[in-house]
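Here is a short walk through one structure. Keep the sequence and the coordinates at hand.

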Amino acid sequence: MKLVNNLIVLINFHNFMRVLHVASGKYSEALVSLLHREELTEEVKTRFNFDWEREAAYRTYKITIVNDDCIMGLMSTLIIAKEYRVEIRLLESAQENVGRNKIYDRVAGCLIATACQLSFENRYDGFVSLVPKTELISHYTEKYHFYRMGGHLVIEGAVARNLIIEYLEND
Amino acid sequence: MRKNKDKIEELSIDNIYPHGLSEEEKAAADKELVAYRMELWNKMTKKDHLRADLLQVKYQMESVIKSIEYQGNLHFGYFLSAYIRAIQKKQKEFAREISIDETRLSRIIHNKEFPNDELFIRLELHSNNTISALNWFLLAEKGRAYNISTNKELRKKEKKNVLTTIAAIK
């Protein structure tokens with residue numbers, strides 16, 4: 001118990017990830033961690049539209065406010081080692097964090113930046129890919145600087161690092 | 001129509017949706033991507049690979065610092081050794097570059113000696129700020145926290161120095 005307390009202090013001290021509380025304009029510290037299947041409760045399912053049970057075979061991350069269990073967003077990923085890349089399969093912000101009346105902003109950015117970090121950790125030089133809906137390509141290219149590679153959108157190298165700096169490091 | 005456009009814009013801001021491609025379409029898209037990815041990978045220079053190695057150490061370190069569990073094998077010395085390998089130096093050469101005794105460096109790498117603040121700063125300077133002194137410090141402290149919480153031997157040894165204790169709080 002003592003050890004866990006010590007480590008939480010360290011984590012809080014170091015956690016630079018921030019989401020924006022839109023109404024107040026203030027930032028809140030957030031944490032991205034792996035989702036455990038039992039955390040997909042009925043209450044959580046009512047706040048998300050995608051069927052996250054179907055992503056159980058994939059490494060799925062959740063983003064929460066520090067010291068709060070409420071899940072603000074989810075992202076499933078696939079590490080494809082022989083192609084040196086991480087693929088984002090799905091990403092969804094909770095209903096209350098979508099659109100003009102959202103409570104928290106930067107949820108998706110923090111999750112995409114986490115995928116970039118995962119790519120660097122695996123020595124893939126930040127290479128992350130996703131298959132977008134055609135109508136949404138311009139949004140991902142403008143906001144997150146993905147570029148088009150056939151049917152995929154990709155990000156890598158310095159651009160991926162900049163995304164990490166923008167969303168995961170705030171100093 | 002406007003309503004539909006608004007809907008797309010609204011949804012696009014915060015989600016990445018299921019792609020909706022058939023298996024064949026997805027396989028074709030993946031095949032195209034693999035060709036591009038391998039071309040990009042094969043074009044990487046020695047300098048690019050060095051950068052990838054260094055960033056791997058940096059981000060793995062950050063991941064360990066942020067994780068709640070302590071993995072005993074991923075200690076300060078492990079990452080210091082990984083850093084030295086990433087920059088392709090011999091221990092002796094690296095010890096000289098940061099003005100530290102080679103034997104002491106070896107003891108730190110093998111988790112036999114705790115690093116001090118001066119070393120954290122020297123490592124930050126050596127990496128040209130790529131890996132901060134704060135991260136080296138947090139990594140070392142995490143190991144220290146684990147050690148202080150689990151060291152039975154030290155507790156046994158120090159017991160004789162505590163002559164009296166307060167009553168147990170129930």
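The text below takes up a helix pair and then the salt bridges.

This is a predicted model. Begin in chain B. Two packed helices are described by the angle between their axes and the distance between the axes. Helix α4 (residues 76-86) of chain B packs on helix α8 (residues 133-150) of chain B at about 140 degrees, and their axes lie 9 Å apart. From α4(B) come F76(B), F79(B), L80(B) and Y83(B). From α8(B) come W136(B), L139(B) and A140(B). Seven of the residues in this contact are nonpolar, with no polar and no charged ones.

Now turn to charge. Side chains of opposite charge can pair when their charged atoms come close. Over all chains, the structure holds 24 salt bridges.

One of them joins D125(A) to R51(B), at 2.7 Å from N to O. This pair crosses between chains. D125(A) sits in the loop between α3 (107-121) and β7 (128-130) of chain A, while R51(B) belongs to helix α3 (residues 46-66) of chain B. D125(A) is buried because its relative accessibility is 7%, under the 20% limit. R51(B) is partly exposed, at 35%.

Stay on helix α3 of chain B. There K58(B) and E62(B) are four residues apart, so about one helical turn separates them. Their salt bridge has its closest N and O atoms 3.5 Å apart. K58(B) is buried at 8% relative accessible area, and E62(B) is buried at 6%.

R104(B) and E113(B) form another salt bridge, with the closest N and O atoms 2.9 Å apart. R104(B) is partly exposed at 24%. E113(B) is also partly exposed, at 25%.

Finally, a network of salt bridges links E83(A), R85(A), E87(A), K26(B) and D30(B).

Technical notes
Residues numbered from 1 in each chain as written. Chains lettered and ligands numbered in written order. Predicted model: local features only at pLDDT ≥ 70, side-chain atom pairs only at ≥ 80, totals over all residues. Heavy atoms only, no water. Axes fitted to C-alpha atoms, helices over the stretch in contact; angles between N-to-C directions. Helix = DSSP H or I, 4+ residues; strand = E, 2+ residues; numbered from the N terminus. Contact = heavy atoms within 4.5 Å. Nonpolar A, V, L, I, M, F, W, Y, C, P; charged D, E, K, R; others polar. Salt bridge = Lys/Arg side-chain N within 4 Å of Asp/Glu carboxyl O. Buried < 20%, exposed > 50% of the residue type's maximum accessible area, 1.4 Å probe, protein only.
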